[in-house]
Amino acid sequence: MDARVRDRNRGGVAAAASILIVCGTRPEIIKLAPLYHELRRQPWAHVVWLHTGQHAQMAQPILDSFDIRPDLTLTRQGDSLLDFSLGCRAQLEAVLAGGRWAAVVVQGDTESAFQGALAGFYHGVPVAHVEAGLRTYNLNRPFPEEGLRQMIGRIARLHFAPTARSRQALLSEGVPQQRIWVTGNTVIDAQQWVCAHRGIGRRVNGRGHLLVTMHRRENWGQDIERVCRAIARIAREQPDLEVLFPVHLNPVVHGPVHQLLAGLPNVRLTAPLDYLEMQQALRDAWIVLTDSGGLQEEAPTFGIPLLVLREETERPEALEAGCAAIVGTATDTIVEQVRRLWREPAEFLRMQQAGNPFGDGTASRQIARHLARELGVHASHAGARQEQAHVVG
């Protein structure tokens, strides 16, 4: 580990536990950023942020949004996922072999998370999995995420589950209960951070816009077309309702969306939004139509009802709480569900006031506390010199 890495963390506190955070995609950065800031506040933690390069240019604005400068950045090799995986694994091997690590922290279900967990596992370093226990038990939906998170679950030692349901999934797979903690989801912590530090707040009067996002591989093709036809019908029925649709750049999404919706005056098609722009768009929304897992967690923070454009979700807590509903991709079903929320204020209010089942914004503090205990950090050391540990966030 180079001198810059050592010196970033309060001058190299003696006996500090070296914690390697491995991530490479936008969602991982968002969900690990508040934990990174929390760990940097702890005198016992020597935290190192490693960016795998899985998302390169896309990742930088997110890092900037959270005032994060990676300590280590890997070089992405090749364009395919195979090339990336091979190069990432080789470079992680060198990082793990070159330091005395107390823990490797990964988040979610990306290739970066899996490679980070695998590297830690092979070096006998405890792997801490943030957002552990999400399951559909359908390896094809979502693909490859369901397989990756299940594999991470087999080799992780510390499992930070966002909900009681996630904990139960891990228990059913044989994970010891003393290795699982229900903390809530760090995505809520991230939202609270940007609201406090970046001025995210509602800026519209009245109902707000209908926010649409769609990108999942399983919805490519006819499903995208059916959703777009539903949006077109809704836009024509409600000409005063603005529809905001940030369109994924992949041609299999971009093409049909523009073909079917570009001519409608109250439908605004934009390039993909960065994180802060999306949070502002979410804050100003009336309802959300999406196949995104992250938005299912984020919309309830702002009290925005959400309709899920999928046939199943690994976040059923949102359905059970009543802040979200599955509508699939059938045109008629989508139109009817949006009409219902438009015409029935009581139903809209019920979903709006359901609350967020994924956490209260304290997940990062809980995870840091559990890490301190599991890594054997003495309470006196963990609580010492807090006044010297002030950083942004």
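**Aromatic pairs, helix packing and local backbone geometry**

Phe66 is buried, as is Tyr275. In this predicted model, the rings of these two residues form a tilted aromatic pair, with 5.4 Å from centre to centre and an angle of 35° between the planes. The partners come from distant parts of the chain, 209 residues apart: Phe66 belongs to the loop between helix H3 (59-65) and strand E3 (72-73), whereas Tyr275 is part of helix H11 (residues 275-283). Ring pairs also bring in Trp193, which is linked with Phe66 and Tyr275 into a cluster.

A search of the whole structure returns seven aromatic pairs. One of them is formed by Tyr36 and Trp49 and is edge-to-face, with the centres 5.3 Å apart and the planes at 80° to each other.

With regard to helix packing, helix H9 (residues 222-237) and helix H14 (residues 331-343) pack at an angle of about 35°, and their axes are 8 Å apart. The crossing in which H9 passes H14 is right-handed. On the side of H9, the contact is made by Arg226, Val227, Arg229, Ala230, Arg233, Ile234 and Glu237, which meet Thr331, Asp332, Ile334, Val335, Val338 and Arg339 of H14. By residue class, this contact of H9 with H14 consists of six nonpolar, one polar and six charged residues.

Thr213 is located in strand E8 (residues 209-213). Its relative accessible area of 9% falls under the 20% limit, so Thr213 is classed as buried. Although Thr213 and Leu289 are 76 residues apart along the chain, their C-alpha atoms are separated by 6.5 Å. When neighbours within four places in sequence are left aside, the residues in contact with Thr213 are Phe245, Pro246, Met278, Leu289, Thr290, Asp291, Ser292, Leu295 and Leu309.

Several backbone features were found in loops. The peptide bond joining Arg141 and Pro142 is cis, with omega of about 0°, and Pro142 lies in the loop between strand E5 (127-130) and helix H6 (145-155). A cis peptide bond also leads from Phe143 to Pro144, where omega is near 5°, and Pro144 is placed in the loop between E5 and H6. The loop between E5 and H6 also holds Glu131, a residue other than glycine whose phi is positive, near 65°. Glu131 has a relative accessibility of 8% and is accordingly counted as buried. A positive phi, of about 55°, is likewise adopted by Asp67, which is not a glycine. Asp67 lies in the loop between H3 and E3, and Asp67 is partly exposed, with a relative accessible area of 37%.

Note on methods: Residues numbered from 1 in each chain as written. Predicted model: local features only at pLDDT ≥ 70, side-chain atom pairs only at ≥ 80, totals over all residues. Heavy atoms only, no water. Axes fitted to C-alpha atoms, helices over the stretch in contact; angles between N-to-C directions. Helix = DSSP H or I, 4+ residues; strand = E, 2+ residues; numbered from the N terminus. Left-handed = near helix turned anticlockwise from the far one by under 90°. Contact = heavy atoms within 4.5 Å. Nonpolar A, V, L, I, M, F, W, Y, C, P; charged D, E, K, R; others polar. Phe/Tyr/Trp six-rings, centres within 6.5 Å; stacked < 30°, edge-to-face > 60°. Buried < 20%, exposed > 50% of the residue type's maximum accessible area, 1.4 Å probe, protein only.
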